[in-house]
Amino acid sequence: MNRRKFLQTSGLSLGAWPLASLLPAGARAQPLQSAAQPSSFPKGFLWGSATASYQVEGAAHQSGRGPSVWDTFSHTPGKTFNGDTGDVADDFYHLFPNDIKLMKGLGLTTCRFSVAWTRIFPGGVGQPNQQGIDFYSRLVDALLAAGIQPYCTLYHWDLPQALQDRGGWENRDTAKAFAEYAGFTAGALSDRVKHFMTMNEIRSFVELGYEQGIHAPGLRLDSQRVAQLNHYAVLAHGMSVQAIRAHGKPGTKVGIADNVQGTVPVVEVPKHIEAARRAMREQNASFLTVIEEGRYTDLYLKRLGANAPKFTAEEMQVIASPMDFVGLNIYQPTYIRADDSETGYAVIDPPSSFPHMYSPWLYVGPEVLYWAPKLVADIWKVKELYITENGASAADAIAPDGEVYDSDRVMYLRNYLTQLHRAIAEGVPVRGYFLWSLLDNFEWADGYSKRFGIVYVDFATQKRTPKLSATFYKKVIRDNLVK
Ligand code: GBH
């Protein structure tokens, strides 16, 4: 770490350093003492939790909701763990007033939720369903009444089945339909909701849904078709940014919740740091990179060759419509080392001994919560960042005394949040953190077998039991610091 960074981390103002360098060596020991001070987060830093419609709401057939690809997929035998579906999930549709009390009790100041497209437009397009709008309107009012700022995601993977029947994201018209739905919904809620995220994790629904087939709609398309539908998905994002601006009340902010591959220099020396920086752009070339830069990288186009997406200059401009903030969903790290290949870096596959949480993919690498926001802010000069998801699955069990002692989740959160603090102390503009998740919920293909909540849910009775990690998070929020 250079002197400038060291002083920033230790909480001294930048202006102090030339003076410090004039002092005798003994007097310069000062920063070490202040580095040992507790790590306060900035005043007004937002502490929240995140959820998604299909994972928590249930009430799948209520109040005019139309079917989405996830209804179809989860009801297809063999697609989800144990055949689990989101038909009931946490029954958040009915129990949200109670769950907002839980949030308030923990001291949350914000909540990220998603709108189910098919509650608003049951068939994807056409006439809006007033009952759907009313539901989200009541939810927003209840959050605000509890002093909790609503952050709204417009697409968390529950594509209307009616649109999938016409090709889903392979059909360019889906991008248009999404922009219309997004603009309409922002128009209806932006008198009270100030922050909208267009989409959650474009990479996930494109790659898992249309390439690997392990998420809805369960297709295994070739790389040419995947690249083209990826293009329509980022185009849909851009078109919806414009639609939200056109229909939202003045002051509405628009962003995205993106799961960048969080590149981490395997050792913090200049050559690996430089490699991680390059990797951040290349590994995310058809997602955040194209959205920020309005062009696919040369290496991406070269790698795809004849399978590269077809696009127009006008589309590229739309894709890069300026955003007000960027949300990052951060879980496992991607460790990067420098090498002398064309890209200048290599991804290190985790050795089989690498520790992970209950989900096998969730390697524990707390430094990713330092490096991901730092690199994103540096590379694309982003001025307002949020961690829109971070959290962990654990093999939670109710102890004989009725408590859930998820010491591993507490360990995970403590270490990740310490690294987030490190980034903020260096001036990375992260304004809030959304823990995934308040409640155990429907974990997609893993059904109810993987729990991510800081509150345990008994899915037979809908009883909620705050875990040890809820007590930990409550204390973090109360003190605005991690210990
Ligand atoms: C987020 O995805 C989602 O936004 C959220 O809905 C989800 O509940 C949460 O994380 C926890 O998973 O099974 O080995 O093929 C995180 C990114 C990408 C992580 C796909 C799991 C599947 C890996 N996800 N990945 S594997």
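How closely do the axes of helix H6 and helix H8 come, and at what angle do they cross? The axes of H6 (residues 92-106) and H8 (residues 130-145) come within 10 Å and cross at roughly 10°.

## About the model

This is a predicted model: local features need pLDDT of at least 70, side-chain atom pairs count only at pLDDT 80 or more, and totals for chains, interfaces and linings use all residues. Residues are numbered from 1 along each chain as its sequence is written, and side-chain values use heavy atoms, with hydrogens and water left out.

## Helices H6 and H8

Helices here are DSSP runs (H or I, at least four residues), numbered from the N terminus. Axes are lines fitted to C-alpha atoms over the stretch in contact, and angles run from 0 to 180 degrees between N-to-C directions. H6 is therefore roughly parallel to H8 (angles under 35 degrees count as roughly parallel).

Which residues of H6 meet H8? Phe-92, Tyr-93, Phe-96, Ile-100 and Met-103 do. Their partners in H8 are Phe-135, Arg-138, Leu-139, Ala-142 and Leu-143. Contact means heavy atoms within 4.5 Å. By class, this contact has nine nonpolar, no polar and one charged residues. Nonpolar means Ala, Val, Leu, Ile, Met, Phe, Trp, Tyr, Cys and Pro; charged means Asp, Glu, Lys and Arg; the others, Gly among them, are polar.

## Helices H13 and H14

The axes of H13 (residues 270-283) and H14 (residues 285-293) come within 6 Å. They cross at roughly 95°, so the two helices are roughly perpendicular (65 to 115 degrees).

Met-280, Arg-281, Glu-282 and Gln-283 in H13 meet Ala-285, Thr-289 and Glu-293 in H14. This contact has two nonpolar, two polar and three charged residues.

## The largest nonpolar core

A nonpolar core is a set of buried Ala, Val, Leu, Ile, Met, Phe, Trp, Tyr and Cys residues joined through side-chain atoms within 4.5 Å. Buried means under 20% relative accessible area, with a 1.4 Å probe and protein chains only. The largest core holds 146 residues. Trp-117, Trp-169, Phe-178, Ile-202, Leu-420 and Tyr-433 touch the most other members. Helix H12 (residues 223-247) gives the largest share, 10 residues.

Leaving aside residues up to four places away in sequence, Phe-178 touches several residues, including Trp-117, Trp-169, Met-199 and Ala-236.

## Cysteines

How many disulfides does the structure hold? It holds zero. A disulfide is a pair of cysteine sulfur atoms within 2.5 Å. For Cys-111, the nearest cysteine sulfur is that of Cys-152, 10 Å away. Cys-111 is buried, at 2% relative accessible area. Cys-152 is buried too, at 0%.

Conventions. Buried < 20%, exposed > 50% of the residue type's maximum accessible area, 1.4 Å probe, protein only. Parallel < 35°, antiparallel > 145°, perpendicular 65-115°, else oblique.
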